[in-house]
Amino acid sequence: MISDPVFILHNFKIRKVNLNMDMETKHKIYFESSLNMGSIPDNSIDLIVTSPPYPMIQMWDDIFSTQDKKIEKALNDRDGNKAFELMHGVLDSVWNEAYRVLRSGGFACINIGDATRTINENFALYPNHTRILHHLRDIGFTSLPDIIWRKQTNAPNKFMGSGMLPAGAYVTLEHEYILVVRKGSKREFPKESEKLNRRQSALFWEERNDFFSDIWFDIKGTRQGRKAKDRKTSRRRSGAFPFELVYRLINMYSVKGDMILDPFMGTGTSMAAAMASARNCIGFEIDNSFKKDILAVKNNIVDYSNQVIQTRLNKHIDFVKERLKLKKIIKHNNEFYGFPVITNQEKFLILNELIKVKQIKSGHFSVGYSKTPQEKYCLDWGKIFDNKLLDDFKIKKTNDLHRRDEQLELF
Ligand SMILES: C[S@@+](CC[C@H](N)C(=O)[O-])C[C@H]1O[C@@H](n2cnc3c(N)ncnc32)[C@H](O)[C@@H]1O
């Protein structure tokens, strides 16, 4: 729905801009199993983004065994292949539900790592990503180019086997996958209001170049230790994925106001990224002990998201500055902020600041956003760039995020 026009000032001209969304999002976490998501209607979700428990990684053995007793028996019998297949049987049921609730044209992005394990003195790789992709294709998803998330570990003991004496070592697994699949054919945006919302959800050109590359080198894993009191009642490690990873995926594969689903919500990273991106979300999590983490997200998300947004805007200003230094032409201006952008598609890009978050009831939140661009970025950019005043232009760079450390505060 197109709302009333908003008047904004940039380049010292008043401009009338139509903004395109109801600036509130809703977020609901169900503390129950996603094996049955009966409360979610068919074809109602725009994007699924998730990271399941990884089959054959020891920290997830118990959670799989509670969902299918045969898994515990297979592990006790030291039958690795059977345990692997049974664990994937549990995940298959969730992927079936995921297919049902996803609308045609919607994407699913699944972060998964393969596992290595020695059973009966036999060291082997358990290829989780191929097993999941196989099932997704079987139930009707179209597979699309995936992303390799290269997460380096500096641990001195990372090499598996002797290494120097052939042939007794194995390469170290330092990557995970983000599988990307779609239900049905390409998503269309037929209405004018949908087209405008899509344009307001655009990425910067330079972000597009990084995000749509098939190997992500620049995202570090999240520290996963949990607070001592939570470790007593639940797992020692959260299994959380980094905020940046899911924030990127949400911005690549959905538009503002969309409904995002994470069937394995854990600490609430996907909810945080949906809130920061002006998307709605639904999450499922069977472990009640994550309620506290979800509340911590709610308590910190406004400041955290606004720093993420500010960092993106600052990076764009730096990018423009470098480009102009190299005397490269930038042809377009963004309609809201007035700063130069490379393509016509970025003209209506706006990053809405979060204003407030409210808890409606347990596990149910709403977030309100600003409809107008951040005033401090609506400047006479032509003059600033022409007169090389940018070095004097100090949008507090010190406030930029060191995202990895900040995530520890958030959760
Ligand atoms: C890899 S973790 C996800 C971590 C999450 N991405 C985050 O950033 O915190 C997988 C989560 O799935 C949950 N889980 C496992 N089986 C489930 C099921 N059937 N329904 C809902 N949650 C489940 C586990 O308790 C665990 O928290």
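Predicted model: local features only at pLDDT ≥ 70, side-chain atom pairs only at ≥ 80, totals over all residues.
# Reading helices, burial and backbone angles

Colleague: Let me start with one residue. How many other C-beta atoms lie within 10 Å of Gln 67?

Modeller: There are 18 of them.

Colleague: Where does Gln 67 lie?

Modeller: Gln 67 belongs to helix α1, which covers residues 61-67.

Colleague: Happy to zoom out now. How many helices and strands are there in the protein chain?

Modeller: The protein chain has 12 helices and 18 strands. Of its 411 residues, 37% count as buried. Looking at contacts with a separation of 6 or more, 69% come from residues 24 or more positions apart.

Colleague: Good. Now helix pairs, please. At what angle do α2 and α3 cross?

Modeller: Helix α2 (residues 69-76) and helix α3 (residues 80-101) cross at roughly 160 degrees, and their axes come within 8 Å. Angles over 145 degrees count as roughly antiparallel, which is why α2 is described as roughly antiparallel to α3. The crossing is left-handed.

Colleague: Which residues of α2 and α3 make the contact?

Modeller: From α2 they are Lys 70, Ile 71, Ala 74 and Leu 75, and from α3 they are Lys 82, Ala 83, Leu 86 and Met 87. By class, that contact has 6 nonpolar, no polar and 2 charged residues. The general idea behind such spacing is simple: an α-helix has 3.6 residues a turn, so residues three or four places apart point the same way.

Colleague: What sits in the loop between α2 and α3?

Modeller: Arg 78 is found there. Its phi is near 60 degrees, a positive value in a residue that is not glycine. Arg 78 is exposed, because it has 12 other C-beta atoms within 10 Å.

Colleague: I would like a second case of positive phi. What is the phi of Asn 43?

Modeller: Asn 43 has a positive phi of about 55 degrees, and it is not a glycine either. Its place is the loop between β3 (24-30) and β4 (45-50). With 14 C-beta neighbours inside 10 Å, Asn 43 counts as partly exposed. One more for your list is Ala 278, which follows α9 and has a positive phi near 60 degrees.

Colleague: And the peptide bonds? Is the one from Pro 166 to Ala 167 cis or trans?

Modeller: That bond is cis, with omega near -5 degrees. Ala 167 lies in the loop between β9 (160-161) and β10 (169-170).

Colleague: You mentioned α9. How many of its residues are buried?

Modeller: The count is 8 of 8, so α9 is mostly covered. Among the buried residues are Thr 269, Met 271 and Met 275. Helix α8 is one packing partner: α8 (residues 243-253) and α9 (residues 269-276) pack at about 50 degrees, with axes 9 Å apart. That angle makes α8 oblique to α9. The crossing is right-handed.

Colleague: Which residues of α8 make the contact with α9?

Modeller: On the α8 side they are Phe 243, Val 246, Tyr 247 and Ile 250, while α9 brings residues including Thr 269, Ser 270 and Ala 273. By class, the contact has 8 nonpolar, 2 polar and no charged residues.

Colleague: At what angle do α9 and α10 pack?

Modeller: For α9 and helix α10 (residues 291-325) the angle is about 40 degrees, again with axes 9 Å apart. That makes α9 oblique to α10. The crossing here is right-handed. Met 271, Ala 272, Met 275 and Ala 276 of α9 meet Ile 294, Val 297, Ile 301, Ser 305 and Val 308 of α10. This contact divides into 8 nonpolar, 1 polar and no charged residues.

Colleague: Last stop, the ligand. Which residues come nearest?

Modeller: Of the 20 residues around the ligand, Gly 239, Ala 240, Phe 264, Gly 266 and Thr 269 come nearest. By class, the shell has 9 nonpolar, 9 polar and 2 charged residues. You have met Thr 269 already, as one of the buried residues of α9.

Key:
Residues numbered from 1 in each chain as written. Near = placed C-beta within 6 Å. Nonpolar A, V, L, I, M, F, W, Y, C, P; charged D, E, K, R; others polar. Axes fitted to C-alpha atoms, helices over the stretch in contact; angles between N-to-C directions. Helix = DSSP H or I, 4+ residues; strand = E, 2+ residues; numbered from the N terminus. Parallel < 35°, antiparallel > 145°, perpendicular 65-115°, else oblique. Left-handed = near helix turned anticlockwise from the far one by under 90°. Contact = placed C-beta atoms within 7 Å. Buried ≥ 20, exposed ≤ 12 C-beta atoms within 10 Å, placed from the backbone.
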